[in-house]
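Colleague: Could you take one part of this model and walk me through it closely? I'd like to hear what surrounds it and how that ties into the rest of the fold.

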Amino acid sequence: MASNVDALLPLSPRTFYVLLALAEEDRHGYAVSKAVETMTEGNVRLTPGTLYPLVHQMLLDGWIAPAGDDAADARRRSYKLTPHGRRVAQAEARRLD
């Protein structure tokens with residue numbers, strides 16, 4: 001993980017929206033997709049082919065982490081924002097401001 005989050009910027013809009021959706025609450029992939037669609041008034045739609053590679057990379061980078069016990073339904077794996085992911089999102093918000 002980079003110690004200076006500003007070096008990670010700029011983020012792609014889709015990446016930033018995923019982080020924003022997870023900043024609100026822990027969500028599974030479909031809920032992330034719907035939250036992004038709602039917050040962008042339908043202007044950004046995340047297909048599974050776009051969302052899950054982003055989620056995979058954010059997991060590897062330590063920006064998000066699995067949330068809760070998903071043993072009951074592996075199809076509804078939930079994710080949460082990590083402190084590092086929150087710092088990245090905040091840095092991007094400052095940059096955009």
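Modeller: Let's go with Ile64. Setting aside neighbours within four places in sequence, Ile64 is in contact with Leu19, Leu22, Val55, Met58, Leu59, Tyr79, Lys80, Leu81 and Thr82. Bear in mind that this is a predicted model.

Start with the strands. Ile64 belongs to strand 2 (residues 64-67), and strand 2 pairs with strand 3 in the antiparallel sense over four bridges. Further along that pairing, Ala67 sits opposite Ser78 of strand 3. Strand 3 (residues 78-81) also runs antiparallel to strand 1 (residues 27-28), with two bridges joining them; here Tyr79 is the bridge partner of Arg27. Tyr79 is also one of the residues that Ile64 contacts.

Now the core. The largest nonpolar core has 24 residues, and Ile64 is among those touching the most other members, along with Leu11, Val18, Leu19, Leu22, Val32, Met58. Two or more residues each come from helix 1 (13-24), helix 2 (29-39), helix 3 (48-61), strand 3 and helix 4 (83-96). Helix 1 is the biggest giver, with five residues. Nonpolar side chains in soluble globular proteins do tend to be buried together.

Stepping back, the chain has four helices and three strands, laid out along the sequence as α-β-α-α-β-β-α. Of its 97 residues, 40% are buried. Among contacts between residues at least 6 apart in sequence, 52% link residues at least 24 apart. As for the surface, the chain exposes about 5,900 Å², with 50% supplied by carbon and sulfur atoms.

Terms used
Residues numbered from 1 in each chain as written. Predicted model: local features only at pLDDT ≥ 70, side-chain atom pairs only at ≥ 80, totals over all residues. Heavy atoms only, no water. Buried < 20%, exposed > 50% of the residue type's maximum accessible area, 1.4 Å probe, protein only. Contact = heavy atoms within 4.5 Å. Areas by Shrake-Rupley, 256 points an atom, 1.4 Å probe, with all protein chains shown as cover. Pairing = 2+ DSSP bridges. Core = buried A, V, L, I, M, F, W, Y, C linked by side-chain atoms within 4.5 Å.
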